[in-house]
Amino acid sequence: MRRPLLVAALVLTLVAAGFAVRGGWSWYGAAHDDTAAFAVARDDVLEAGEQSVQNLNTLDHRELDHGLDLWEASTTGALHSQLVKGRAEFKKQVQTARTVSTAKVLDGAVTELDERAGKARVMVALRITVKASGQKATDKDSRMLGELTRTDGHWKLSALAQAPVGDTATTTD
């Protein structure tokens, strides 16, 4: 009578040990999987890209220096240089027009990500509201393409352009 119980206990112990080994192996594989790290990097790029595109489409003439400082903090490379170089002239234009523009991100996606090179591209859909002094606010939906570069561990916009809309194919006769 003791032998069947001993055999059953031994079998259950071996089955439990097998499940423990398999569970440990699965956990180790998941903990060392590059897919999870890539997903985190992609999320970081998307968050930085959306915020930077929103920053560059938001500006209030009453807090102009703060807004332009935010533009410069959100950018790097040639785009940053262009903003710094044209700051005084642009500031004069916005003060004269007395405009307030605010952007709200509607959606965004990472279209390319090369972590090793520190380069990424995003597409961001925005609703931009512009109000000039004494006029009614107008809304415009826009899609922007942004290129990001990792600098000092942070993703910043290095290029920004309007995304093409509609059919861009050309026909020949």
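This is a predicted model: local features need pLDDT of at least 70, side-chain atom pairs count only at pLDDT 80 or more; totals for chains, interfaces and linings use all residues.
Residues are numbered from 1 along each chain as its sequence is written, and side-chain values use heavy atoms, leaving out hydrogens and water.

**Exercise 1.** Find which two residues form an aromatic pair, and describe the pair.

*Solution.* Start with the whole structure: a search finds one aromatic pair. Its partners are tryptophan 71 and phenylalanine 90, with 5.3 Å centre to centre and 35 degrees between the planes. Rings of Phe, Tyr and Trp (its six-membered ring) pair if their centres lie within 6.5 Å; planes under 30 degrees apart are stacked, over 60 edge-to-face, and the rest tilted, so this pair counts as tilted. Buried means under 20%, exposed over 50%, and partly exposed in between (1.4 Å probe, protein chains only).

**Exercise 2.** Which residues of the largest nonpolar core touch the most other members?

*Solution.* A nonpolar core is a set of buried Ala, Val, Leu, Ile, Met, Phe, Trp, Tyr and Cys residues joined through side-chain atoms within 4.5 Å. The largest one has 23 residues, and Val45, Leu126, Leu148 and Trp155 touch the most other members. Elements that each supply at least two core residues include α2 (34-56), β3 (119-132) and β4 (138-151). Now zoom in on leucine 148: with contact meaning heavy atoms within 4.5 Å, its partners include Val45, Ala48, Val122 and Trp155, not counting residues up to four places away in sequence.

**Exercise 3.** Where is valine 11 found, and is it buried or partly exposed?

*Solution.* Valine 11 sits in helix α1 (residues 2-31). Its relative accessibility is 45%, so it counts as partly exposed.

**Exercise 4.** Which loops hold arginine 98 and aspartate 152, and what is the phi of each?

*Solution.* Most residues other than glycine have a negative phi. Arginine 98, in the loop between α5 and β2, has a positive phi near 55 degrees. Aspartate 152, in the loop between β4 and β5, has a positive phi of about 50 degrees. Arginine 98 is partly exposed at 42%, and aspartate 152 is exposed at 78%.

Methods. Helices (H or I, at least four residues) and strands (E, at least two) are DSSP runs, numbered from the N terminus.
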